[in-house]
Amino acid sequence: MIKVNIVCIGKIKESYLREACGEYIKRLSRFCKLEIKELAEGKNLKDEAEAVLRAVSGYKIALCVEGKQLSSPALAERLKALTDRGGEITFIIGSSCGLDDAVKDNCDLKLSFSEMTFPHQLMRVILLEQIYRAFMINAGSEYHK
């Protein structure tokens, strides 16, 4: 079973977002071993970058607005190839200030969900849903319409 890591700066404070994350974490348990690492916000992006770089492993995907946009089926295809290869996949969500270039430069893929800006706590829910959707697409489920 593939290991999927999500490395985030900051904790989710709102209970409704924690509940949404919990639901997707439960759903994903049949497809992968999921670990979420919440790192403390640093004094600046450089401090956060050092903590992130120590916490990441495997195939690293930085979520950033300047990254490549993929459709849900294309993300599913990418995750299937990575799953077939084995190892770990690590997604990185920065703080409200984003990610330092040192983190983005250290990643295998820069992924953008949109040109719009989302709160980083909500982005975790969106990311979990898209990972779940990718696994469901790869399983041939009707979830993705």
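**Close-ups of a predicted model**

**View 1. A nonpolar patch that takes in Leu122.** Met116, Phe118 and Leu122 make a nonpolar surface patch of about 270 Å². Patch members have over 30% relative accessible area and no salt bridge; like charges are joined within 9 Å, and nonpolar side chains (Val, Leu, Ile, Met, Phe, Trp, Tyr) within 5 Å. Areas come from the Shrake-Rupley method with a 1.4 Å probe, and for residues only the protein chains shown count as cover. Leu122 sits in helix 5 (residues 120-138); helices (H or I, at least four residues) and strands (E, at least two) are DSSP runs, numbered from the N terminus. Leu122 counts as partly exposed because its relative accessibility is 32% (buried is under 20%, exposed over 50%, partly exposed in between; 1.4 Å probe, protein chains only).

This is a predicted model, so local features need pLDDT of at least 70 and side-chain atom pairs pLDDT 80 or more, while totals for chains, interfaces and linings use all residues. Residues are numbered from 1 along each chain as its sequence is written, and side-chain values use heavy atoms, leaving out hydrogens and water.

**View 2. Helix 1 against helix 5.** Helix 1 (residues 15-28) packs on helix 5 at about 20°, with the axes 9 Å apart. Axes are lines fitted to C-alpha atoms, for helices over the stretch in contact, and angles run from 0 to 180 degrees between N-to-C directions. The two helices are therefore roughly parallel to each other (angles under 35 degrees; over 145 is roughly antiparallel, 65 to 115 roughly perpendicular, the rest oblique).

View 3. Glu23 is partly exposed at 28% relative accessibility, and Arg27 is partly exposed at 29%.

**View 4. Lys46 meets Asp100.** Their side chains form a salt bridge of 3.4 Å, N to O. Lys46 lies in helix 2 (residues 45-55) and Asp100 in the loop between strand 4 (88-93) and helix 4 (101-105), so the pair ties together parts 54 residues apart in sequence. Lys46 is exposed at 53%, whereas Asp100 is buried at 9%.

**View 5. A salt-bridge network.** Here Lys11, Glu38 and Arg124 are linked by salt bridges. The count for the model comes to 10 salt bridges.

Notes: A salt bridge is a side-chain nitrogen of Lys or Arg within 4 Å of a carboxyl oxygen of Asp or Glu.
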